[in-house]
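Please look through the structure below before reading on.

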Amino acid sequence: MILSINNVIKKFGNFTALEINDLNFEEDRYYVVLGPSGSGKTTLLRIIAGLEFADAGKITMLNNDVTGAPAWKRDIGLVFQNYALYPHLTVYENIASPLNVMKIPRNEVIKKVNELLRVMELTDQAGKYPNQLSGGQQQRVALARAIIKRPRVLLLDEPLSNLDARVRIELRDYLKSIQREFKLTVIHVTHDPTEAMALGNNVIVLHHGRVVQNSSPKDLYNKPNDIFCARLLGTVNIISRDDLKFDDGIDYDLCEIRPEDIKITENGELEGKIESVQFLGPEILLNINMGNYHIKVSLDKYNDKYYENETVRLSFNKSTMNFYKSGKRLEKILE
Amino acid sequence: MFIIPAIVYFLIFAIYPMIENVILTFQSQNVSGQYIFVGLSNYKELFYTPHLGKIIDNSLIYTFIVPFIDIIFAIPLATFLKRLNKNFLLPVILLPSFIPLVTGATMWILMLNPLYGILYFVYHKDLFYTIWSIVIIDIWSSLPLATLIIYSGLKAIPKNIDEANNIDNIKGMRKLITIDIPYIKYQILAAFILMLVYGSFTFDPIYASLGVSTPFANLDLSYYSYELFFSGNIGFSAVLMTIMTAVSTVIALIFVKLTLNNKMHASRFRSIHWPNNELPKSFTIFFTVLYLLFFMLPFAWILIESFKTYNEIFSLPPLIIPLKITLSNYTYSLTNGEPYFITSIVVSILGSLLALFIGVPAAYVAARYNVGGIKFIGLVLFIYSIPLVILMIPDYAMLNYIHTINSWPGLIIIYPVMVLPIIIWMLYNFYSTFPKSYDEAAQVDGMTMFKSFRKIILPLSHDGILVAFLYAFIFAWGALIFPLAFTYSAYNMSVLYPSGAQTLTIFIGGTIGHEATQYGILAASSVLSIIPAIIITIFLRSKIDRVWRGGGIK
Ligand SMILES: Nc1ncnc2c1ncn2[C@@H]1O[C@H](COP(=O)(O)OP(=O)(O)OP(=O)(O)O)[C@@H](O)[C@H]1O
Ligand SMILES: [Mg+2]
């Protein structure tokens, strides 16, 4: 275990921004912190970085208590959302700046920076100033500056949110490969579910300053801890017991099923009328009126034979359904 | 249309006078008062003026020593202020820059009196026999501005940069020199140039210290040309003013260029291993207190003096705490000074309002629709950085022509020369960050540009306008050169036939050195003259550094 957070509380005035009982990070893994705006993601990152200090609790890094340690004493690198590059320094000088403080021989510094410039594909940009670079290049400079000291933990606060869609996907792969190459523990904050699923070995879900789930993206998708987590990733149907009852001795009030787990078949047990058909590229999403409620069904793109106002019959893949009581998921499922 | 009044005003009262000056240098008044062409004879006087060498030396000292010392002391003070992060400190430190300069000089003269001032306890020689007293006063009154400009630059460094430094373990002297100073290099240069303008045309302290200094000890070109003008030697005065115009144009152009393009360049100091330790907090506090003492001591002394009786003021050694507190100085000052107080209040308010009237629409269209473009803003900054004294002769002739010499209307008409550039520049920055959507929505709703300006923009920008007005008022309140040049008697207190318009600054500045100088009354008047500055500084305290972020102010 490289980093662990125990019983940490952070308040701003009377408002509790963060309350974390027990959160551990392993070496050489990619963690994504996911949550809506204001859920405390940035606060968590800043407390780990030492830019903000917890009101209570303990933070341990490589078995050292670092709860009150200043940022530069922690073995971390941080990439800011807006990069925070020094505008008066060149790319080369920006990357070298953390090393210049340490008493490292000059040629050593040059060697390290040049190596990183090569890895980051920035060699041609070394003499430029930050305002002469594209967003994606600036992001890579920021990344290089954060890892030049070879920190054990790399913190990223919405590192891709300022970039356009194409560059974002490119850099996403890049982040992952850097993490593998340097065997870093990455803690990556985002509110983009796709990013979380694509990158994370683990996804940590924050809600109102608390961790509500900490699992693989697959588990988060298939076995969400509560209704909030269920809604986080992708489209989901949530149906109240009053509208649709499954009587198998389960005491629940909501059930949940993903659109791709519903099939349209002649002998389906439920009937509804197609209200809209959306073509989304790889899939087609049907919105079906079931009387009191609606259900979304996803079909693959070749399955384009349905039209609005058509009446269809549905059948659920029951074993993939989850049931919730007072917001929490029940372990029981249908056979 | 919005911008035309401002341009016309500048052309008439600032640009034309500069040209007129050049013409005047080739002319001379004959016995019947007419101007005749005399060729280069005015210029020849340059070589026959015995004290000119001394005067030029003095001018150079003011021009280069003052800004240099200002910057050297302003950078540490600004970093201390940022580190201590106490909001009440800034207004307190700014006070010396916001009070009338004449009052500031008067305070120092009383304090540095070798017999009756605090100086008695330290040193028994009269510092006003040398130029250094004026240098100290200049520094005292301009250092706060330099500090403010640099401080607002430091405050504008993104928080993320500070945090990145924290993570990279860059701090103390090393952070200051390798990160902060390069980051705010532009503000430092702007402050330096402004201080250059400030020092190079030192006028008010020389005027105030006339009675206590030896002749020519501290005279500079600016004051000397004023004296020539007053003694009727217009031609030679115009020569000196033309020289100053040339010098100040060069400085002003550098200033304009700097202000309008704000580029970053690499620093050469990076390879040196600067100490990477933070000063202990107690040191920071200690030095800040020293600065505060320097800034506040004259205030404390003048306050004490103002409550002393006549005998106590001239007691030896000086009394630190008056035994009998008297208010008679204040009552005397208010009764005798009443016409001056009234004039100052009236002309400062109306002059600033007139400037607002001309300036607000111009600033708005310049910022929003880029009317006049960079040229207009360049003109504003240029006029902002020239010394007022060079406009004196032609502006006098113009006010004379419309029969407004020695009257309120005369001063009100001419005051915008000094405050209009401040107002336009501040509001230009204000409107540049003003959301576009407001007036776009108004125009979509069918309002004309004029109507949306009146109905939407003006109401929404009242706080920006108020701040600009208060700044303008502060500078109008402390004005000396224009009232000196364009008035010669006090307001006669007549409502129907008003005449006379000497201001409070003349009342204060002209007193020292007269035979029976009433130091107590002078002190009381000075205290009264700084009250508006105190009120406004307190009022502006939270807005000050934001307002200045766009640039600097004279
Ligand atoms: N310095 C502060 N002072 C007061 N409240 C703060 C401060 N910083 C954060 N908060 C509050 O704490 C809560 C969590 O903020 P935080 O910035 O961690 O959210 P976030 O999850 O990063 O949100 P976003 O996705 O919008 O960046 C918010 O309600 C915010 O208003
Ligand atoms: Mg955030």
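In this predicted model, B:Leu279 has its place in the loop between helix 12 (234-260) and helix 13 (281-306) of chain B, where helices (H or I, at least four residues) and strands (E, at least two) are DSSP runs numbered from the N terminus. With a relative accessibility of 37%, B:Leu279 counts as partly exposed, a class that lies between buried (under 20% relative accessible area) and exposed (over 50%), taken with a 1.4 Å probe and protein chains only.

B:Leu279 belongs to a nonpolar surface patch that also includes B:Phe283, B:Ile285 and B:Phe286, and the patch has about 780 Å² of accessible area together. Such patches are made of residues with over 30% relative accessible area and no salt bridge, like charges being joined within 9 Å and nonpolar side chains (Val, Leu, Ile, Met, Phe, Trp, Tyr) within 5 Å. The areas come from the Shrake-Rupley method with a 1.4 Å probe, and for residues only the protein chains shown count as cover.

Residues are numbered from 1 along each chain as its sequence is written, while chains are lettered from A and ligands numbered from 1 in the order in which they are written. Because the model is predicted, local features need pLDDT of at least 70 and side-chain atom pairs count only at pLDDT 80 or more, whereas totals for chains, interfaces and linings use all residues, and side-chain values use heavy atoms, with hydrogens and water left out.Helix 5 (residues 165-182) of chain A has 18 residues and reaches 26 Å from its first C-alpha to its last, close to the 26 Å expected at 1.5 Å a residue, the expected span being 1.5 Å times one less than the number of residues. Among its buried residues are A:Val167, A:Leu171 and A:Phe182.

Over all chains, the structure holds 15 salt bridges, each a side-chain nitrogen of Lys or Arg within 4 Å of a carboxyl oxygen of Asp or Glu. Three of them are listed here.

| Pair | N to O distance |
|---|---|
| A:Lys318 and A:Glu269 | 3.0 Å |
| B:Asp180 and B:Lys175 | 3.1 Å |
| B:Glu305 and B:Lys308 | 3.0 Å |

A:Lys318 and A:Glu269 lie in two loops of chain A, so the pair ties together parts that are 49 residues apart in sequence. A:Lys318 is partly exposed at 27%, as is A:Glu269 at 44%, whereas B:Asp180 is buried at 7% and B:Lys175 is buried at 14%.
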